[in-house]
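Open the model in your viewer and keep the selection panel at hand. The tour goes stop by stop, saying what to select and what is there.

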Amino acid sequence: MALKRRNVARVSGAYAAAWLVVQAAFFMAPLMAQSLRPPAPAAPMLTLRDVAPVIECEALLKVDAVFTDADLTHLTSAAVFVEAGKRPYCRVEGYIAPQIRFALHLPTEGWNQRYLQNGCGGYCGTLASPDAVDAAAGCAPVEDGAFARSATDGGHTAPFDDGLWAVDDPQAQVDLGYRAAHEVAVASKRIIAAFYGQGPRYSYFTGCSDGGREALMEAQRYPEDFDGIVAGAPANIWSSLNGIFQPWVIGSNKAESGGYVITPEKIPALARAARETCDGVDGLEDGIIADPRACEFDPGVIECPAGREDGADCLTAAQVAAARRIYAAPAGLDGRALYPGSMPVGSEAPWAEGITAPAGQRAIAEGYASYRRYLDRDVALDLGMTHWTIDAAELAALRSGLGTIYDSTDPDLSAFSERGGKLILWHGWADEAIPPHGTIAYFDAVREAVGGAAERDAFVRLYMIPGMYHCSRGDFDRFDFLTPVMNWVERDAAPEGVVAWTAQGDVVTRSRPLYPYPAVARYVGSGDVDDAANFTPAVPARQFESAYEWAGEFESGYQRVCGWNGDPFRGGDFVCEPAE
Ligand SMILES: [Ca+2]
């Protein structure tokens with residue numbers, strides 16, 4: 001950690017002048033007025049008085065102490081835990097009917113008057129520790145346990161990649177879709193108020209993948225729940241992501257025999273070829289593909305030579321064809337893109353688990369793709385590309401069907417903005433599970449929906465992270481966006497540069513500044529390329545359209561709310577209506 005902190009200090013001094021040039025180049029007028037501060041300060045600058053509990057932890061369980069039998073929330077345990085290096089905390093467990101499990105950690109000393117809620121990943125299904133916090137590496141109040149913090153399983157129990165979790169259970173679908181994160185926020189705030197005699201002064205949400213989708217769902221459907229939100233690699237374009245993109249990549253890699261075309265032992269050669277082709281395109285040979293949009297990579301460059309059908313260091317003709325298809329945007333029969341993005345070059349290493357697997361095992365994307373069973377109970381789970389019949393009409397059906405529950409693609413965040421909410425979006429450029437282009441496209445759609453770049457930039461930032469895989473791993477996968485969003489909310493200090501780093505164990509191996517999109521980090525030309533101090537913010541050498549041409553769109557007004565109309569055991573119906 002010492003190396004990281006030193007880099008933070010040095011980079012802040014280095015980029016001041018260049019940063020102003022970048023802002024001028026982008027005509028980011030609202031940013032011009034801001035003074036420059038060190039990126040990612042180690043602690044929130046605003047100090048709130050510590051608040052102590054007013055009742056015993058176990059007293060929360062007493063009948064009617066917080067919830068009555070008439071409430072849907074029920075607490076099942078409450079006990080104090082003591083861990084080294086952390087404030088002691090009261091761990092409360094409970095569920096919100098029918099089965100949204102949650103856990104809430106309440107510091108018994110030194111509560112900083114803030115509430116932090118964590119999203120869950122994949123299809124959720126596991127109650128993770130509230131102490132596992134996304135995008136908050138090095139954030140002091142997270143590390144020492146000063147937040148009241150919660151986590152939920154999303155309303156069901158299943159493996160994270162099980163796309164069949166609620167095939168016949170519409171309530172479980174709705175609970176993961178939009179209800180769990182909101183109800184846990186409501187319940188947690190009630191428990192906090194009972195425990196400390198006051199509610200949280202500030203509330204924050206952070207999550208990655210499905211947690212990023214939940215983060216955006218909160219900003220869109222429940223703008224009053226959180227003051228600051230950090231949405232990482234969001235699965236917000238859910239209906240197309242799981243209904244089309246995942247079947248596309250896994251279908252591209254399925255042989256007629258049922259096995260995978262590209263097998264795990266071929267991944268290192270493919271990753272190496274991609275890096276050799278694209279690393280230098282960004283102007284710096286550092287082993288990282290800074291922006292996959294800038295490089296055309298054809299996996300045919302490592303096709304096995306004539307006379308040699310196969311080998312560990314080359315791809316067969318069938319593997320080249322599969323890889324070409326995987327890199328392409330999923331398309332309908334008319335060739336039109338059905339997802340706003342595609343598998344980025346540079347994401348290959350985690351394909352070894354993500355879209356292929358050793359014989360007898362299942363790739364992660366194949367589990368995700370089983371979501372299609374919701375649409376068609378007879379769909380073959382070993383969907384091969386020869387059977388690909390998905391087109392724009394099916395995309396529309398997905399969006400107007402389950403998309404009305406799961407998608408958090410509404411670009412109109414004006415209600416969240418008007419209540420003072422701040423949002424940081426981030427996405428790894430080498431994400432093997434969710435195309436990063438879609439997050440840029442959503443960011444661009446927000447600009448249009450809220451009236452322009454200045455209006456958007458007053459409450460939203462996007463950071464793209466070179467070389468980072470899905471939510472973790474790859475390069476620069478450690479960073480703290482929680483502290484910047486807190487400073488934005490509490491001190492009106494807008495986020496600027498944030499230093500991200502790569503670590504092996506506790507040893508920092510490389511660091512790099514991240515700047516609000518579309519600014520990039522440019523090497524100053526001398527010094528260690530693995531040291532953030534040797535980079536300055538810059539206008540990217542090549543500009544790309546932020547919008548993405550696809551058969552769908554980012555629009556408002558699609559959302560529905562659903563629930564039982566009457567007792568399901570006495571002929572009640574599960575009905576959905578347009579959301580307000
Ligand atoms: Ca490079």
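**Confidence**

Colour the chain by pLDDT to begin. The average over the chain is 90, and 90% of the residues score at least 70. Now select residues 1-40, where the pLDDT is below 50. In the model this stretch has 66 contacts beyond near neighbours in sequence. Where pLDDT is low, the predicted coordinates should not be read in detail.

**Two domains**

Domain 1 takes in 40-236 + 408-495, and domain 2 covers 240-404. Between the C-alpha centres of domain 1 and domain 2 the distance is 31 Å. How many residues does each domain bring to the contact? Domain 1 supplies 23 residues and domain 2 supplies 27 residues. On the side of domain 1 that touches domain 2, twelve residues are nonpolar, five are polar and six are charged.

**Helices α5 and α6**

Select residues 170-196 for helix α5 and residues 210-221 for helix α6. Their axes are 9 Å apart, and the helices pack at an angle of about 75°. That angle makes α5 roughly perpendicular to α6, because angles of 65 to 115 degrees count as roughly perpendicular. Show the side chains at the contact: α5 contributes Tyr 178, Ala 181 and His 182, while α6 contributes Glu 214, Met 217, Glu 218 and Arg 221. Sorted by class, the contact of α5 with α6 has three nonpolar residues, one polar residue and three charged residues.

**Helices α7 and α12**

Move on to helix α7, residues 238-252, and helix α12, residues 392-400. The axes of α7 and α12 come within 9 Å and cross at roughly 135°, so α7 is oblique to α12. The crossing of α7 and α12 is right-handed. Which residues make this contact? From α7 they are Ser 239, Ser 240, Gly 243 and Ile 244, and from α12 they are Leu 395, Leu 398 and Arg 399. The contact of α7 with α12 consists of three nonpolar, three polar and one charged residues.

The last stops are about backbone geometry. Most residues other than glycine have a negative phi, and most peptide bonds are trans.

- Select Ala 97 and Pro 98, which are joined by a cis peptide bond with omega about 0°. Pro 98 sits in the loop between β2 (89-96) and β3 (100-107).
- Go to Cys 124, in the loop between β4 (114-118) and α4 (140-143). Cys 124 is not a glycine, yet its phi is positive, about 60°.
- Finish at Tyr 517 and Pro 518, where the peptide bond is cis and omega is near 15°. The loop that holds Pro 518 runs between β11 (507-514) and β12 (520-523).

Notes. Residues are numbered from 1 along each chain as its sequence is written. This is a predicted model: local features need pLDDT of at least 70, side-chain atom pairs count only at pLDDT 80 or more; totals for chains, interfaces and linings use all residues. Axes are lines fitted to C-alpha atoms, for helices over the stretch in contact, and angles run from 0 to 180 degrees between N-to-C directions. Helices (H or I, at least four residues) and strands (E, at least two) are DSSP runs, numbered from the N terminus. Angles under 35 degrees count as roughly parallel, over 145 as roughly antiparallel, 65 to 115 as roughly perpendicular and the rest as oblique. A crossing is left-handed if the near helix is turned anticlockwise from the far one by less than a right angle, and right-handed if clockwise. Two residues are in contact if their C-beta atoms, placed from the backbone, lie within 7 Å. Ala, Val, Leu, Ile, Met, Phe, Trp, Tyr, Cys and Pro count as nonpolar, Asp, Glu, Lys and Arg as charged, and the others, Gly among them, as polar. Domain bounds come from an automatic or database domain assignment. pLDDT is the predictor's confidence in each residue, from 0 to 100.
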